[in-house]
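Please prepare a short report on the model shown below, with attention to how its parts meet and how they are built.

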Amino acid sequence: MEAVIALSIGVLFASGVWLILRPRTFQVIIGLLLISYAVNLFIFIMGRLSVNQPPLALQAGTDTNLFADPVTQALVLTAIVIGFATTALYLVLLLTSRGLSGTDHVDGREPSA
Amino acid sequence: MLLLVLILIPFIGCIRAALQPSSERSREAWLAAAVGLIGLAILAFQFPQISQGEVLRYQIDWMPAYGLNLVLRMDGLAWLFSLLIVGIFLLVVLYARYYMSPQDPVPRFYAFLLAFMGAMLGVVLSGNLVQLVLFWELTSLSSFLLIGYWHHRSDARRGARMAFTVTASGGLCLLAGVLMLGHVAGSYDLDVVLAAGDTLRAHAWYRPVLLLIALGALTKSAQFPFHFWLPHAMAAPTPVSAYLHSATMVKAGIFLLMRLWPVLSGTPEWTWLIGGAGVATLMLASFIAIFQHDLKGLLAYSTISHLGLITALLGMGTPLAMVAAIFHTLNHATFKASLFMAAGIIDHESGTRDMRQLRGLRHLMPITATLAIVASAAMAGVPFLNGFLSKEMFFAETLLVGSSSNYWMAFAAVVMGIFSVAYSLRFIYVFFGRPASDLPRTPHEPPRWMRFPVEVLVVLCLAVGMMPALSVGPLLQLGAQAVLGEQLPHYDLAVWHGVNLPLVMSFITLTGGVLLYAVLRRRFNLAQSSRPPLLHRINGQRLYESLMLGLRSGASQLEKLLGTRRLQPQLVLLVSVCLAAGVAAAISLPSVWTAAHSTPLDLPFALLWLLGCVCAVAAAWQAKYHRLSALALAGGAGLVVCLTFLLLSAPDLALTQLMVETVTTVLILLGLRWLPPRQPQLAPSPRSARTARLRRSRDLLLAILSGLAMAAISYLVLMLPAAPGISQFFLEQAVPQGGGTNVVNVLLVDFRGFDTLGEISVLAIVALTVYGLLRRFRPAAESMALPPQQTNPADPAARQIPEEQVNGGYLLVPGVYLRVLLPMIMVCALYFFMRGHNMPGGGFVAGLLFSVGIILQYLLAGTQWVESRMHLHPHRWLALGLLAALATGAGAVLAGYPFLTSHTAHLELPLFGMLHVPSAFVFDLGVFGVVVGATLLILTALAHQSSRAHRLAHANDDTPHQEEP
């Protein structure tokens, strides 16, 4: 399990890094999406892996070691929603830049080849 | 307490003055005068205490642990300087009332002047060294603003910039010096520092501390080699020159040297550095002053030379020299301020300050002429005037310091005296001769009250000169006592000490000066020569200009070398640095590669992630030419992430991720329409193909390395046992304190509610930004036409508007069931919302679900159909949501609890049974509102673009020759 999820984070992150180094704005937005998946997972696993132990339905006196870490979950939940907001902002920026400059290159102009 | 008032009223007056309408001239002056009078009253009230030798202190603790407090401290020296600052301020205000022209924005002038006075009082009253530096920089700043007051003039702007650069750089040196001094002394408190003189002088840091503080003081007091800024500062209005650049601000450096005299002086280094700078300055500046043609220029160089004299006195380091320095500071302030005012009057009434044109003013303005002649005589050191007394003390000290064998110092003093007599004569000469007829205006006496300040100051010169012991004696005693304490020497303020060596020196200087002036005038055509002989090559200003130029070109060179505006190299750099930093940090970590904590491998999970990884890599592969598939593939990876959350005990995350995934996909789909079509390049040149291949290999390597690093760190973390964190606390306290069994939700809306409040604010801001950006959106010309898929003639739907497609076209079936689904989705959202505190759900999930329900209707029937039936007002959702969240927090504050404290109530309702209503519920309602508002605002703003683009496209079809709107 650990190896699988670690490798997967690596693959997601590598794909994202590759994409944000590309010259077209759409590639960058997809790259940011993938990086945010990888980073969210990364933060999430800081609470270690636990199967079938959601931090729910606690009763007083229950052994708290039986539950998954709620802190990383709360952090990631806000991160997901903020991620949506930044994606939206980036998308609108890239559209505006495209409308103003007539190109979808990240620098706002085609490279002088 | 009175000290605090003394410091604060100038600043209050400054704000008050700045708010006055610019047409008010007298009211401004009255306001400033009132501030000055209050200050004077406070000083008078404190005189009895100060004269008893008391030190008044007022302290407000700010960061006591770091020794940073607001300390106001008034001893004799500070009192004396405060008197100088406030007294001359009053005279200058009166003078400026008549000097400033009606066209000038007077409120700004008085506001700056008041701010300067406050800053200057702050410098002299500071009981904490760091605080002193702060006020010190404030004086530099207000001086900058005042020199640049006539900012339409380029010389004013340049002079202001130069003065600020020099004095503020000095201020930075001073700050460093003061910090080191405070470190050595163990405190920044002035009383402690003043007692630590012996410690400092023996410390290894003594030389750097002395050098840094001296740099601060010498730049401020315009000492060689930093003297060049002062003549350029004369571009300021004359009241400013009289106040800042002769009487007060330039004396700040002197004040600092006096203040720290007990700590720093008494070493050969002090004498060489301070005394050397002083002597060099007084010789150089008094010589250059003779050759000025501008009245104010002459006065500026003369000021520099007199400051040099005071600095030289301080450098000698004997107690008697200190007394003389304080005495000369007072004398110089009186005669020089009056001379500046007189020069201003001449300028004001005749329209020029050029001494080559001015002649015979004695006949046209007899009273002003008399006053100015008396003041210049004081400057020259004529007996029975105050300048004579302090200069005599200076001569006596120069004789003393060189002992009986070394007369160089005394010689320098005599030479400087001769020069100063010569330039005083040069100044006086404008009043003699035949009246000039070629002046821009015919001069006459100024208004009565404009001359009054000059009269006051000249009377003071006379009073001090004739009855020194009666007039200035007690004040001088106060100041000297404060600095010297036990060391206070016996001195005798009298006009006549009998015939002695200093008197002979005075006599030599007077006759020598007259002779020098006569010779220069006859032989060397002084009236017309354009530059001082010999010394014009020593040009600090040119040095400054070339230094500034070098800095600027160096910076642009560096920027060209190191900077780029292109995003890709920046990102490459960013990723590389992060990678390197991570690797460097990882080297020191323990390597745990044993599978000690491994959870047994779950085959479906591994397969799931195989799929996820394939999706991610494929998305990366396809994102350039196949945007739609890349989006779908990225969404696939997102779904795998979502399932992972579900499996790994995070149902809330899974729900949120699923909804966000949906909304994001819709969002990007809406945006895809406006991106340019991308065709594969046909035949790139071999060279560019090679560089492109190189670039891609580099990026690929970087990506793979980052991925590996990320995987390695993740694995490493997972192998290490979890450190005991704060999670246990939340798990234990969620029910007793938060009143909910879903710990994640309790965390979000209760324990970490403030964080969530910040987050929904960000969400609202982003939504409004998106809305604002899209209001001004101009789609590119080629993406305005309908896409080919929608105009295919073979498709019957192409001729229908979306509404017709739903109500009778090919979307009839989905139309029916999606409309049936709408209320169900709403109920679902409500359900998730209500149970959020105890079970997976909550405001975020419910809000997203609610938005998805509405967006589905948009997708189905188009914006027009939906919006003609539903009025959504996403802005109001945003506002109400934020208000609800804030109101929850404010409610807790009103009830006496910390912000956002939660309270739980259980309501017994018929039909529903027991209802669990925590106040966090209202907060969650706020979250819900903001999420719905933000999502809908962003998506509908994007969706509206296509209907707008159609209108634009149609408008273009109708009038093909018009410019694109």
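How many residues does the contact take from chain A and from chain B? The contact takes 77 residues from chain A and 97 residues from chain B, where two residues are in contact if their C-beta atoms, placed from the backbone, lie within 7 Å. This is a predicted model, in which local features need pLDDT of at least 70 and side-chain atom pairs count only at pLDDT 80 or more, while totals for chains, interfaces and linings use all residues. Residues are numbered from 1 along each chain as its sequence is written, and chains are lettered from A and ligands numbered from 1 in the order in which they are written.

On the side of chain A that touches chain B, the elements giving two or more residues are helices H1 (2-20), H2 (25-45) and H3 (70-101) of chain A; helices (H or I, at least four residues) and strands (E, at least two) are DSSP runs, numbered from the N terminus. H3(A) gives the most to this side, with 22 residues. The residues of this side divide into 55 nonpolar, 14 polar and eight charged, with Ala, Val, Leu, Ile, Met, Phe, Trp, Tyr, Cys and Pro counted as nonpolar, Asp, Glu, Lys and Arg as charged, and the others, Gly among them, as polar.

The mean pLDDT of chain A, the predictor's confidence in each residue from 0 to 100, is 87, and 91% of its residues reach 70 or more. An unreviewed UniProt entry places the feature "transmembrane region" at residues 6-21, 28-51 and 71-95 of chain A, an annotation that may be inferred rather than shown by experiment. Two of these spans are set out here.

| Span of chain A | Distance between end C-alpha atoms | Helix and strand |
|---|---|---|
| Residues 6-21 | 23 Å | 94% helix, 0% strand |
| Residues 71-95 | 36 Å | 100% helix, 0% strand |

Chain B has 39 helices and four strands. Of its 965 residues, 47% count as buried, meaning that 20 or more other C-beta atoms lie within 10 Å of the residue's own, with C-beta atoms placed from the backbone.

Helix H21(B), residues 448-466, has 19 residues that should span 27 Å at 1.5 Å a residue, and this agrees with its end C-alpha atoms being 26 Å apart; the expected span is 1.5 Å times one less than the number of residues. Its buried residues include Met450(B), Arg451(B) and Leu457(B), and what covers the buried residues of H21(B) includes helices H3 (76-99) and H16 (319-350) of chain B.

Strands E1 (56-63) and E2 (68-74) of chain B pair in the antiparallel sense over seven bridges, pairing being assigned if DSSP finds at least two bridges between two strands. Asp61(B) stands opposite Asn69(B) in E2(B). The two strands, E1(B) and E2(B), form a hairpin with four residues between them, and Gly67(B) in the turn has a positive phi of about 70°.

Technical notes: A residue is buried if 20 or more other C-beta atoms lie within 10 Å of its own, exposed if 12 or fewer, and partly exposed in between; C-beta atoms are placed from the backbone.
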